[in-house]
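Please look through the model below with the following comments beside you. They are written for a reader who is new to such structures.

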Amino acid sequence: MKKIYIALFAAVLAASCQNSEWLDRLPYTQTCPENFYKNETHFKLATIAAYEALNTNTIGGSSVSGGTYYCGLPIIMNSPSDELFSYLDAGASVGQYTQMITCAFTQSTTGLRRMWTAFFAGIDRCNSVIENAKSFPENAAIQAYAVEAHFLRAFYYWYLAQIFGGVPIVEFHSDGMEPRSNLEAVYTYIMEDLDFAYANLPAKKGQGAIGEGSVTKYTAAAYIARISNYLAACKRYGTGADLVKEQPLNDFAWVDAESFSEKAYLACKDIIENSPYILTKEFTNLFRETTKADQHEECLFMAENYLSGTENAFPSSGNFALGPQSEGIAEYGQSSCVYARYAMATPILFGMFSPKDPRRDWFCVGSATGTLNAGTIKEEIASDGIVYVLPYKRVTNRYNAGADSRVETPEQTYIPFLDQTCVAPGKFRFPQVGQVTTHLEKQHALSFPLMRLAEVYLMYAEAIYFHTGDAEAAREQFKPVLVRACRGDEARAEELFNAYRKDDFVDELLESRERELCY
C-alpha cells in the first residue's frame, strides 16, 4: 500500500512540474501569511486569535483543551492547594486532573504539556501582531492592537513562569530552539511588556479587539501589582532558595523587594482611585454563566466564553463548575445528578469561613440530586431571570432537607467529612440546559474571572503593608470586599472583619485572599 501512495505522489509531482502555473496560484481555502496583515481588520482578527489561546480547544488541529480554560486549566492553576482534593471515585478516567490534585503529576501529564503548547502559541501570535504592526507606524488602530498583544504576551509568559520557572524567550519566526532563560530575564521581559501596555492601553473599557472584555491600562496595572507583590514576597521569604543549586535558573536573589512593593502600591492606588471598575453588587453573579454584564463591571480580565459558543464548540463543564453533567434534572430532559466531577472543596477551606460569611455556602457545596416535582431539588432565579439549580443539604447518608446538628445556616449544603463523593467547589455555576444556549449537558459558556477589583483591594492591602508598614491602613482594604460579600450589610461585614483579625497581618492577608479568591 505504501508503494501505491509513493507512486501517486510522484505522479502528482511530475504533473505539477509540467504546469508550474498551478503551483503559483493563490490558495482559496486559507490565507497565506504574505497576504495577511494588510489592514486594520487583519490585525483585529490576529489580536482576537491571541486572546483565544486562553480558552481554545485546538492549536494547529491538535487538542490543547486540557491545558486551557476550555477544560483543564482551572484545576492545573488551583492544584495542588489546600482548597481542592480529588473526587473519591474519580478513577482513571479523570487522569491528569487527579494527578494535579494529588501531586502525582509528571512531565507527561497531558494538561501541563498542552498548556505549554497553547500559551507558547499565544506568545507566537502576539509576536506576529507586534512585529507586523511595525510596518504601519502611523495607523493608530493597528498600533492599538499591538499594545494589546504586548499585554497578552506578558500574561502568557507570567502563567508559564508560574508553572515552569525559567522558560525560553522566543522571537518572531522562532525555530523553537531557544534555550530556557532564567527568571530574572523572563520577569524583566514580562514587566517591560506590562509597563508598555500600562502606558499605552486605553483607560476606557470596550475599546479593544474583543469589545467589553478587552484589556485596559488598568488591567496592565493590576498585573504589574500582582507580579510585583509576588516577586517581593519570593525575595522576602526565600522562595525556592533551597532548590537553586539544582535549578539555578529559578533564583529570586536579583529581586529588589522594596522597589517591587512600591510598584505594586502605585499601580493598585491608580486602579482604585481612577479606574471605571466597581465591585459588582451581587458577588454570586461573578461566577454564573449568564450574568456577564455584572462580570464586566468588576473583572479587569477574564477568559471569555460567549453564550453563542466559541469555535463552534462550547467548553467542557465536567471538571470544575457546578452544573448539569451526564445526568441531570428530569424536568429538563435529564435524569439524576448535578455536581462537579473531579474536584471538591476541602474541610480546611470550609473551616476558614465564619458561618455568617455568605461566601462559604456558595463556594463549598453539596450536590443536587432528584427531581423538582418531588421537592428535593430547588430552583433559583438569578437576577437576570435565568433558572439555576441550588444544591441541598447532605444529611447523614441520605438526601433530605431535615435538620442536622452540623448544619449552621439554611444555605449550608456541605458538611465536612460526611460524604466524599457528592460535594463540589460551587463557586462557578451554570443554569439548566435549554435556558439560554444550545449547548449540551457537559458544556458551558462560563467566563472565568482572572483579575477582579476585589483582588486589587487585597493586593493593595499587601502593598500598603510592605511599602508603608501601616497594618491598620492595609486592613482597611479588606472592608469593601467584606461589605460586598455581605451584600451591603455593613454590621455583618464589621463582625466578620473583627472575627477574621489575626495578630500576624500576613496570616490575615493570606486567609482573606483564600476566602475571596479560592479556586
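Predicted model: local features only at pLDDT ≥ 70, side-chain atom pairs only at ≥ 80, totals over all residues.

1. Residues are numbered from 1 along each chain as its sequence is written, and side-chain values use heavy atoms, with hydrogens and water left out.

2. The 18 residues of α8 should span 26 Å at 1.5 Å a residue, and the end C-alpha atoms of α8 are 26 Å apart, which agrees; the expected span is 1.5 Å times one less than the number of residues. The buried residues of α8 include L183, V186, Y187, I190 and L194, where buried means under 20% relative accessible area, exposed over 50%, and partly exposed in between, with a 1.4 Å probe and protein chains only. These buried residues pack against α7, α9 and α10, contact being heavy atoms within 4.5 Å. An α-helix has 3.6 residues a turn, so residues three or four places apart point the same way.

3. On D251: this residue lies in the loop between α9 (217–236) and α10 (257–274), and it is partly exposed, with a relative accessible area of 28%. Leaving aside residues up to four places away in sequence, D251 touches L183 and V244. D251 and L183 are 68 residues apart in sequence, yet their C-alpha atoms are 6.7 Å apart in space.

4. On T346: is this residue buried or exposed? T346 is buried, with a relative accessible area of 7%, and its place is in the loop between β6 (343–345) and α12 (347–351). The side chain of T346 reaches the backbone oxygen of D82 at 2.5 Å. Not counting residues up to four places away in sequence, T346 touches D82, E83, L84, F85 and Y414.

5. On two backbone angles: most residues other than glycine have a negative phi. Phi of H173 is, however, near 60 degrees, a positive value, and phi of Y519 is also near 60 degrees.

Methods: Helix = DSSP H or I, 4+ residues; strand = E, 2+ residues; numbered from the N terminus. Polar contact = N/O pair within 3.5 Å; in protein donor to acceptor, adjacent residues only side chain to side chain.
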